[in-house]
Amino acid sequence: MVARLNESERQAALKELTSWQATQGRDAIQRSFKFRNFSEAWGFMNRVALLAETQDHHPEWSNVYNRVEILLSTHDCEGLSERDLKLARAIDKLLA
């Protein structure tokens, strides 16, 4: 069973993951990405998809031209979990 983060864990995570924001109305985090063009955005999504597949944890996301929106929440616990934080950190490393 996946454990849902408590409030202090959630706040600590948001301090660490400064590019991610709490999602209003949901126990989730989200981040927006902007690239030079569609090809760069699509390439980024492909890399995230491979990360998600290896972690068996898949984001909610959308893409419009050069923009990608990613929302992370764990369905098994109906909220934010360590699985989301792990994937967020891995996504951030792709851009470092």
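Against which elements do the buried residues of α3 pack? I opened the notebook with that, working from a predicted model.

**Entry 1: helix α3**

I looked up the packing of α3 and found that its buried residues pack against α1, β2, α2 and β4. I then listed those buried residues: D84, L85, L87, A88, A90 and I91. I noted that an α-helix has 3.6 residues a turn, so residues three or four places apart point the same way.

For the placement, I recorded that α3, residues 82-95, lies across β2 and β4. Its direction is at about 15 degrees to β2.

I also checked the helix length. With 14 residues at 1.5 Å a residue, α3 should span 20 Å. I found its end C-alpha atoms 21 Å apart, which agrees.

**Entry 2: the sheet**

I traced an open sheet of four strands in the order β1-β2-β4-β3, with antiparallel pairing. β1 (21-22) and β3 are at the edges and have a single partner strand each, so one side of each lacks a neighbour in the sheet.

I went through two of the pairings. β1 and β2 (residues 29-34) run antiparallel and are joined by two bridges. In this part of the sheet, I saw Q21 opposite Q30 in β2.

β3 (residues 60-64) pairs with β4 (residues 67-72) in the antiparallel sense, over five bridges. Here N63 stands opposite V68 in β4. I logged β3 and β4 as a hairpin with two residues between them. In the turn, Y65 has a positive phi of about 50 degrees.

**Entry 3: T23**

I then looked up its contacts, leaving aside neighbours within four places in sequence. T23 is in contact with A28, I29, Q30 and L71.

**Entry 4: aromatic rings**

How many aromatic pairs are there? I counted four. One of the pairs I looked at is W20 with F33, where the ring centres are 6.3 Å apart and the planes are at 75 degrees, so I wrote it down as edge-to-face. The pair links distant parts of the chain, 13 residues apart: W20 is in the loop between α1 (7-16) and β1, and F33 is in strand β2. Both residues are buried, W20 with a relative accessible area of 2% and F33 at 4% relative accessibility.

F33 also forms an aromatic pair with F44. I noted 4.7 Å centre to centre and 45 degrees between the planes, a tilted pair. F33 lies in strand β2 and F44 in helix α2 (residues 38-55), so this pair ties together parts that are eleven residues apart in sequence. I found F44 buried, at 0% relative accessibility.

Which residues form the aromatic cluster? I listed W20, F33, F35 and F44 as one cluster.

**Entry 5: recap**

β2 is joined to β1 by two bridges, and α3 lies across β2 and β4. F33 in β2 pairs with F44 in α2, and F33 belongs to the cluster that also holds W20 and F35.

How values were computed: Residues are numbered from 1 along each chain as its sequence is written. This is a predicted model: local features need pLDDT of at least 70, side-chain atom pairs count only at pLDDT 80 or more; totals for chains, interfaces and linings use all residues. Side-chain values use heavy atoms; hydrogens and water are left out. Two strands pair if DSSP finds at least two bridges between them. Contact means heavy atoms within 4.5 Å. Axes are lines fitted to C-alpha atoms, for helices over the stretch in contact, and angles run from 0 to 180 degrees between N-to-C directions. Rings of Phe, Tyr and Trp (its six-membered ring) pair if their centres lie within 6.5 Å; planes under 30 degrees apart count as stacked, over 60 as edge-to-face and the rest as tilted. Buried means under 20% relative accessible area, exposed over 50%, partly exposed in between (1.4 Å probe, protein chains only). The expected span of a helix is 1.5 Å times one less than its number of residues.
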